[in-house]
Amino acid sequence: MSWYYSVRLFQILLLTISSCTLVYGQDPSFSQHKFNKIYFNPAYAGYNEEHHIALAYRNLWPNVPGIPFAGPLANYQLSADFFFREGQARRSMMAFTGAVGGFCNQDFEGEGHLMTSTVGLSFAQHFPVVQRASELPRLLLSFGLKAYAVNVRVNWDKLVSSDELSVDQGIIGSTSGRTGIGQRWGGDFDFGGLIINNYKGQSNWYNEIGFAAAHIVASPLALSQSNDVSRKVPTKYTASYRTKFVAVPKQLYTGLTLLFEKQANFYELNTGFDIYLGLNKRNGTTPIILSIAHRTSIMQFKKNTKAFIAGVGHEGYFRKGNQPILYYLGFAADIPYGGLSYQTFGAYELSLGISISKRV
């Protein structure tokens with residue numbers, strides 16, 4: 001890659017970091033919605049009547065200058081939720097179930113000098129309508145909450161202003177000259193809702209609709225030490241729809257995923273198509289999951305958002321005594337085609353998790 005593009009990428013990264021220190025910027029967005037649902041919506045906690053532990057890693061624009069590992073724009077997420085039941089479901093009656101859990105996230109930007117850490121708790125209350133206890137709920141309503149603490153910190157000595165960069169000579173200054181506090185704590189709160197329809201309590205046709213609002217609390221995180229609530233994390237709104245239906249009984253399922261995200265003046269739409277090969281009717285796992293998706297910004301001109309997303313996943317299980325433990329692995333690659341295109345090397349994402357069923 002030419003020196004011009006190296007400097008250009010560095011300028012873009014610097015602009016991103018500088019803006020985040022003044023007004024906390026846009027949240028990272030995972031490409032694999034089906035493997036990172038609780039990140040988008042707390043109502044997913046325990047929704048499938050399972051204890052669940054998940055880990056996700058995303059590396060955005062790995063060709064931008066920055067820390068080699070975890071990456072110049074990287075994000076980790078670890079979450080766990082534990083299902084509970086209040087009484088037993090009866091035929092054609094509504095049962096009450098839910099889940100409690102915890103999570104932590106960490107974002108790196110640049111050489112790790114801007115780092116955002118989050119730790120918190122989640123809760124979800126479910127209202128499933130069942131036909132038989134041995135079947136999946138035909139209809140499930142779920143409402144979830146997240147409450148968490150946020151820490152933002154930066155090393156000001158490592159920042160270089162854009163006017164100290166030269167296309168011909170690279171960095172021509174030694175310091176940005178900017179000052180501010182090194183770190184700041186805040187708190188925040190998310191809310192989400194979920195509706196699931198499972199036709200006839202079987203797995204032949206499945207639909208889910210979700211909505212979530214993140215960063216509801218006006219908690220300023222500007223490292224300029226400003227308490228202006230307009231400098232809080234912008235509220236993020238997420239809406240999703242996912243369907244899965246049988247194409248060839250016991251062999252092939254297909255489905256669609258739609259994910260819309262709005263944060264401040266940024267609007268993003270993800271449209272995906274999934275293929276599930278070899279569904280295991282005994283435990284509901286899928287040996288191979290293939291996905292193709294498209295991401296774009298809408299209502300404004302954001303070239304660097306445009307990307308095709310290719311994904312592959314695997315679900316399986318192993319037994320611990322009489323209790324099956326399900327697991328999944330997922331990998332996705334973002335292939336950008338607008339703006340800087342593939343000069344950034346796109347984005348790469350890895351997801352993994354285990355689930356322990358608590359259905360009766």
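## Strand pairing

Strand 3 (residues 96-109) and strand 4 (residues 114-129) run antiparallel and are joined by 13 bridges. That's in a predicted model, where local features need pLDDT of at least 70, side-chain atom pairs count only at pLDDT 80 or more, and totals for chains, interfaces and linings use all residues. Residues are numbered from 1 along each chain as its sequence is written, and side-chain values use heavy atoms, with hydrogens and water left out.

In this pair, Val100 sits opposite Phe123 of strand 4. Strand 4 also runs antiparallel to strand 5 (residues 139-154), with 16 bridges between them; here Val129 faces Leu139 of strand 5. Pairing takes at least two DSSP bridges between two strands, and a strand is a DSSP run of E, at least two residues, numbered from the N terminus (helices: H or I, at least four).

## Confidence

The protein chain averages a pLDDT (the predictor's confidence in each residue, from 0 to 100) of 81, and 78% of the residues score at least 70. Helix 1 (residues 3-22) has the lowest mean of the chain's elements, 45, while strand 13 (residues 288-297) has the highest, 94.
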